[in-house]
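Tutor: Please look over the sequence and the structure below, and then bring your questions.

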Amino acid sequence: MDIRIVNKKGLLILLVIAMMFFLAACGSSSETGGEDTESEENNTEENTDTDSESEEGEQGSESEQLVIGFSQVGAESEWRTANTKSIQNAITDAGHELKFSDAQQKQENQIKAIRSFITQKVDAIVFSPVVETGFETVLQEAKDADIPVFLADRSVDVEDDSLWVTFLGSDFVEEGRKAGNWLVEELAEEEGPVNIVELQGTVGSAPAIDRKEGFEEIINQEDKFEIIKSQTGDFTRAKGKEVMEAFLKSDGENIDVLYAHNDDMAIGAIQAIEEFGLIPAEDITIIGVDAVKGAFEAMADGKMNVTIECNPLFGPQLVDLIEQHFEGESLDKRIAVEESMYTMDQAEELLPTREY
Ligand code: GZL
């Protein structure tokens, strides 16, 4: 056999074998690639599918699962801390995803947070506005993005009330009335004049505006009551102490009553009163709002007369309302939180039962 032919044939056979290996290798690599790709795609798809299944599955099982953005005022008081915890726990305990922002009592931070929630396409926004005005634009942006907003604790002053679904919070005007009525009854035998100094909450905030309104509605019915000084303590202990020091410096012996829009400012003021050399709850009657543990401790120590309850523990009620909304139920625009009032003589017994 001609070697050349053998060679040629041999070469041909080698070529054919090489081609077969090559094709086999290509086929398997494309499969691999394909497989990989496919599998990658599949994985991705699967993952996606899985994800989507799991998401669907999850979505199915978690179809109720919502991504909720929560823009909170700050951490300025015992009340706020308890309220934050109540809402955060209620959202996560219900299996929803929480995105949280603490605005440190700054409106611009709340506006930024709401815009960020919109960008992240959350399902719902929970919002406690630090002040009543200046949120119209960003709430319109949330509405345009079809994201429902639930007002928690404080309300907003906007023309279009379709910018929010419902407002769950205390009736601050009623809290002010309760404080005024307690004082009228407590000092019914006093001839007067009864000089009152007032520590207001954050300027422009719903609780500060409404607690002042409700208190004045009651005390203005009797000429003997007069608010001789009124200034914001921004709901904090430190600022409450600082402003009370100024009040004492200018009117010390002339002050009969302190009305503080929250217990934290009252507790700060108690320190100022003691440092000034007067006896809190005796020389100066002390009224607070919130009914936080610190107030019960001050009343049990005989240093505070009364606290009007403002209940922060409405997280579970709020999440129920959000879920009802997503189940298609229509909600009242205004839902008030139930609350009471507690005096010095009740403090010792009730202190161990207080949850915030
Ligand atoms: C009232 C809440 C107020 C509390 C303060 O619902 O907005 O803000 O009374 C808190 O303690 O700072």
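**Around the ligand**

Student: Of the 13 residues around the ligand, which come nearest?

Tutor: A residue counts as near when one of its heavy atoms lies within 4 Å. Of the 13 residues around the ligand, those that come nearest are Glu76, Asp153, Arg154, Arg211 and Asp290. This is a predicted model, in which local features need pLDDT of at least 70 and side-chain atom pairs 80 or more, whereas totals for chains, interfaces and linings use all residues. Residues are numbered from 1 along each chain, and side-chain values use heavy atoms, without hydrogens or water.

Student: How much of the ligand does the protein bury?

Tutor: An oxygen atom of the ligand is 2.3 Å from an N or O atom in the side chain of Asp153, and a polar side-chain atom of Asn262 lies 3.0 Å from a ligand oxygen. Taken alone, the ligand exposes 320 Å² (Shrake-Rupley method, 1.4 Å probe), and of that area the protein buries 100%.

Student: Is Glu76 buried or exposed?

Tutor: Glu76 is found in the loop between strand E1 (67-72) and helix H2 (78-93), where strands are DSSP runs of at least two residues and helices of at least four. Leaving aside neighbours within four places in sequence, Glu76 is in contact (heavy atoms within 4.5 Å) with Gln105, Arg154, Phe235 and Thr236. Buried means under 20% relative accessible area and exposed over 50%, with partly exposed in between (1.4 Å probe, protein chains only). Because its relative accessible area is 11%, Glu76 is buried.

Methods. A polar contact is a pair of N or O atoms within 3.5 Å; within protein, one must be able to donate a hydrogen and the other to accept it, and residues adjacent in sequence count only if both atoms are side-chain atoms.
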